[in-house]
Amino acid sequence: VISVLAQGQSDAATVTLAVLLAFWTNTVSKIVVAFVAGGVRYGWVVSLGLLGVGVGACLPWALARSTA
């Protein structure tokens, strides 16, 4: 993805959105596996942690969009 940006084939906003989409897809997969493999209690604990990390990962992107 970074090579696409470096070659000028895409803009930074599109590349950032692609990375965040991949990140969230991975996060949702982990949440599903946590519920299936560990049960409801484990799933909730893992989900809350992963969602916290996800919000933290998206916060700079969201703040940049709100100030633009």
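I call a residue buried under 20% relative accessible area, exposed over 50%, and partly exposed in between. I keep in mind that this is a predicted model.

**Entry: Trp24 and its partner**
I looked up Trp24 and got a relative accessible area of 25%, so I noted Trp24 as partly exposed. Phe23 is partly exposed as well, at 28%. I then checked the rings: Phe23 and Trp24 form an edge-to-face aromatic pair, with 5.9 Å centre to centre and 85° between the planes.

**Entry: the other pair**
How many aromatic pairs does a search of the whole structure find? I got two. Besides the pair of Phe23 and Trp24, I found Phe35 with Trp44, edge-to-face at 5.6 Å centre to centre and with 85° between the planes.

**Entry: the chain as a whole**
I counted secondary structure next, and the protein chain has two helices and zero strands. For the overall form, I took the spans of the C-alpha trace along its principal axes, which are about 45 × 25 × 10 Å. The radius of gyration of the protein chain is 15 Å, whereas a compact globule of 68 residues would have one near 11 Å.

**Entry: surface**
Last, I turned to the cover. Of the 68 residues in the protein chain, 15% are buried. I have the accessible surface down as about 4900 Å², with 73% of that belonging to carbon and sulfur atoms.

How values were computed: Residues numbered from 1 in each chain as written. Predicted model: local features only at pLDDT ≥ 70, side-chain atom pairs only at ≥ 80, totals over all residues. Heavy atoms only, no water. Helix = DSSP H or I, 4+ residues; strand = E, 2+ residues; numbered from the N terminus. Rg over C-alpha atoms; globule rule 2.2 N^0.38 Å. Buried < 20%, exposed > 50% of the residue type's maximum accessible area, 1.4 Å probe, protein only. Areas by Shrake-Rupley, 256 points an atom, 1.4 Å probe, with all protein chains shown as cover. Phe/Tyr/Trp six-rings, centres within 6.5 Å; stacked < 30°, edge-to-face > 60°.
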